[in-house]
Amino acid sequence: MSAVDTLARVARRHAEEVQRRLAEADAYADACAERVRAHDRDMEAEQQVARDNPFASFGAYVTASLIRRAALVSEHARALAAAAALRETLTDAFVELKKLETLAENERVAARAEEDRREQAELDDVAGRMAG
């Protein structure tokens, strides 16, 4: 196994690790989005309670709820940014892997061509000795 094959194997593992981390980041971003949606559903339910009950204290809830929603949206935005960064890293990892795989294949083709050249030279030498 050549050094390039080893590098390609390491690059493949790196790409697979980034892929795994990206899947986790996407799942986390989805979970954050669901928390925002759940919060919005809770807020709508509380608004309905406040409409139905004139004695319900909704003002303090709204203030706290808006702060909580802003935090949830911010967390979701950070999760999306992290996933986007990992996507870029994954693209770079696959580009590097492709370069190394191409280089390794080129080395194998060159080695085969050299072996074929040597074999042909031996055959030519044998043929020349037989003819001469």
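What radius of gyration does the chain have, and what would a compact globule of 132 residues have?

## Overall shape

The chain has 31 Å, whereas a compact globule of 132 residues would have a radius of gyration near 14 Å. That radius is taken over C-alpha atoms, and the globule rule is 2.2 Å times the number of residues to the power 0.38. Along the principal axes, the C-alpha trace spans about 115 × 20 × 15 Å.

This is a predicted model, in which local features need pLDDT of at least 70, side-chain atom pairs count only at pLDDT 80 or more, and totals for chains, interfaces and linings use all residues. Residues are numbered from 1 along each chain as its sequence is written, and side-chain values use heavy atoms, with hydrogens and water left out.

## Helices

Two helices and zero strands are found in the chain; helices (H or I, at least four residues) and strands (E, at least two) are DSSP runs, numbered from the N terminus. Helix α2 covers residues 59–131 and reaches 107 Å from its first C-alpha to its last, close to the 108 Å expected at 1.5 Å a residue. The expected span is 1.5 Å times one less than the number of residues.

## Burial and contacts

Buried residues (under 20% relative accessible area; exposed is over 50%, partly exposed in between; 1.4 Å probe, protein chains only) make up 19% of the chain. In α2 they include L72, L86, L90 and E75, and their cover includes α1 (3–52).

A50, in helix α1, counts as partly exposed because its relative accessibility is 21%. Beyond its neighbours within four places in sequence, A50 is in contact (heavy atoms within 4.5 Å) with A56 and F58.
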